[in-house]
Every structure is written in C-alpha cells, then in structure tokens.
Amino acid sequence: MSGEVEHRPGTDDGIRGTARGTAPVPLSVLDLVTVGAGNTATGAVRTAVDIARTAERRGFHRYWVAEHHSMPGVASSSPAVLLAHLAAHTSAIRLGSGGVMLPNHAPLVIAEQFGTLEAMAPGRIDLGLGRAPGTDGATAAALRRTERLHEGADDFPQQLLELTRFLDGSFPDGHPYAKIHAVPGPVQATSPGGVQSPHRPPLWLLGSSGFSAQLAGALGLPFAFAHHFSAANTVPALDLYRSSFRPSEVLAEPYALIGVAALATEDEREARRQVMTGALSMLRLRSGRPGLVPTPEEAEAYDFTDRERDFVDSWLGNVVHGTPDTVRQGLDDLAKRTGADELMITANAHGGAARLRSYELIADAYGLPQG
C-alpha cells in the first residue's frame, strides 16, 4: 500500500457547521460519559442521552464520545455501542467518536461498526480517529494482545489507509483484501438489486501533538485537537495542520476544531467548586490512581500538597469556568487566539445536573435557539 488515503467524491462534506446565535464558530459537545462517586454507569449513560438531546435541541453542531479504558470514572470504553444508543434518542445532531483509537482495533471491525451506525443514522455519523491507546500500557497490551505497542502508533498511516479502503470498497485488484467487504458498505450497491446509502462517515484525525496535525493536513482531512489536556501545543499544532494542508476531495480548505473544557454556573464560586472535582479526578489519574469523579465536598476537603496544588492550578488555568458571561468571553477569546473553526465543549464536573445546566447556560449566553 502507498501512504495516500483515498477520498470519496462529493460536494457535501458533512463536516463544516454553522455558527448559531452570537457564537463566533459552531459549538459542539465532547462527552466522556463520566461516572461520579455515588453514581452508576447506568446513570452516566442516561445523562449522556440527556446531554445529547439538550445539545440537539439547543443547536450544537455535533456530539462526540471518546474511547477510554480501565478508568472507573469514564464509561466510554465502547464508542460505537454508545453512539448506537444515542442515535436512537436523537434525530438531527451529528454523532461521532472523539475518538476511536485506531491501533486498538482491526480496521475492518471499525468499518463494520461505523457502517452499521451510518445505516442507523444516515448522514449523521462522524468517525474521529486517534493513534494513542486511550489508557495505560498494560491495558493497551491487553486490548491489542501484543506487547509491541509502538508498532500500532508507527503503523497508523497504513492502518488509516486500510480503514479508508474498507469504508470505500476501494482495494485494488490483486490486493489480498480485494474480495473482503465491510458490511454495511459499498459492496451492497454492487450486488444484484443493491441500493447503497449516499453517505459515508467523514474521517477526522485527532491529536494532542504535531503528528496527527501534519498527517491530517497532508491528507486533506479535518483535524480535532485536544486543547483541554494539551493547551500548550494547541497553536503550534493548528499552525502545522494549516501549513501542511493540501486540498482534497474531502476539504478544499483546512477545518480544525479544538476540545475545550468549560463549565458555566450562575455563581462564580459554584463554578470553581464544580470544576475542582474534575481537577482532583485528573490529579488522581495522572498519579496512577484513577477512580470515580469525586464529589464537590470531597474535593473541598482534600488536603493538597504544594506539588499537587501546583498541578491543579495549572490544570484549571485551561478550564474556562465561571458565570455564563465569563465563559462566553473565555470561549470567544480562545476562538480568536487559535483561529479554531469549531469549539467542542466538554464539561468537567461530578454530577450530571451541573453538566447539563452548563450547556444550557452557554447556549443562553450565545442566544442559541431553544428548539
């Protein structure tokens, strides 16, 4: 195989959104389907449905879930399963993965899963792909059934090409996979009496450094950057993406969104109290002690060391939080500073009610439709 990804023709890229109300760019949602202390995964999934339906009603452009593993506080280990459930509870909003970690899976399996999702929700599915494992090394080894983890990341461009060819049914004659087909998929249109959907999930590349930014640019694909946990690299990565961009049948111009941690409440102090739960959860994760998202009371009572306090202060420096006006200003400034084409907001807090309320308040702050 060459390193080139083949692109499907078409004028409707299914990628670019429309800014609504007074928002500077389209607004979207990234949900980790977090599980707070005292809550269950069942409750977290119900909250995910509530957030997706709220996002749809208020005019957010898309809703994504992210693949994580072996993290008690994150119930999004199976994006395709979650998206199928969400597709049944929504009707218009785009749904997708932010992302599926490609080295963890056989490309054919991903093509089958997202072909099935496309059949469930035609024209609404995004396939965002990452090259990290979404977990620690030991868990990644268990997922991939190999200890040679670096090979998965190194082979990412090749895996991406294979996945694209399964999605498009475009392996050349003589290729070992030429007679293997992802179903649902294009082969159904070439079968006697077959009629195939005109839609295929758009591919996105995700990243928190320069590798995927440069690859997405070279292939003319949309790019999503994880500003919410790699803020120092945001502007360099977006600059690299834009400078590397080559027009393709998917995109004539670069299109980049950034993931942003943001939480709005009616009271400034309450916003700080809520985001501290996410900060403590991240501190524990980075310390090798992942757990459920702590309650605000637990976070308030936690005795931080000086080093831990420095970490939390640094982390919260990249979380836009406060009253709706404060959050709106922070998001406006971030869009202007980075030139992002879309902001994908993730709300870090213990309880589903606080996260839901935050999306409503942000929508109100920008005058998004009530739906």
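This is a predicted model: local features need pLDDT of at least 70, side-chain atom pairs count only at pLDDT 80 or more; totals for chains, interfaces and linings use all residues.
Trainee: How many helices and strands does the chain have?
Mentor: The chain has 14 helices and 9 strands. These are DSSP runs numbered from the N terminus, with helices being H or I of at least four residues and strands E of at least two.

Trainee: And why is the chain called as compact as a globular protein of that length?
Mentor: Its radius of gyration is 20 Å, close to the 21 Å from the globule rule for 371 residues, so the chain is as compact as a globular protein of that length. The radius is taken over C-alpha atoms, and the rule is 2.2 Å times the number of residues to the power 0.38. Along the principal axes, the C-alpha atoms fill a box of roughly 65 × 45 × 40 Å.

Trainee: What share of the residues is buried?
Mentor: Buried residues are 54% of the 371 in the chain. Buried means under 20% relative accessible area, exposed over 50%, and partly exposed in between, with a 1.4 Å probe and protein chains only.

Trainee: Which residues have the most contacts inside the largest nonpolar core?
Mentor: They are Tyr63, Leu129, Leu160 and Leu331, in a core of 103 residues. Such a core is a set of buried Ala, Val, Leu, Ile, Met, Phe, Trp, Tyr and Cys residues joined through side-chain atoms within 4.5 Å. Strand S7 (residues 256–264) gives the most to this core, with 8 residues.

Trainee: What does Tyr63 touch?
Mentor: Leaving out residues up to four places away in sequence, its partners include Val29, Ala48, Leu86 and Arg94. Contact here means heavy atoms within 4.5 Å.

Trainee: Changing topic, where are the cis peptide bonds you noted?
Mentor: One runs from Gly98 to Gly99, with omega near 5 degrees, and Gly99 lies in strand S3 (residues 94–101). Another joins Val183 and Pro184, with omega about 0 degrees; Pro184 is in the loop between helix H6 (156–168) and helix H7 (187–190).

Trainee: Why single those out?
Mentor: Because most peptide bonds are trans, and most residues other than glycine have a negative phi.

Trainee: Is Val33 buried or exposed?
Mentor: Val33 is buried, at 1% relative accessible area, in the loop between S1 and helix H1 (41–57). Ser70 counts as exposed at 52%, and belongs to the loop between strand S2 (62–65) and helix H2 (79–87).

Trainee: Where does His227 sit?
Mentor: His227 is in the loop between strand S6 (223–225) and helix H9 (234–244). His227 is buried, with a relative accessible area of 4%, and its contacts beyond four places in sequence include Ile258 and Arg337.

Trainee: Last one: how far apart are Gly21 and Asp364?
Mentor: They are 343 residues apart in sequence and 9.2 Å apart in space, C-alpha to C-alpha. Gly21 lies in the segment before strand S1 (27–31) and is exposed at 53% relative accessibility. Beyond its neighbours within four places in sequence, Gly21 contacts Tyr366 and Gly367.

Conventions. Residues are numbered from 1 along each chain as its sequence is written. Side-chain values use heavy atoms; hydrogens and water are left out.
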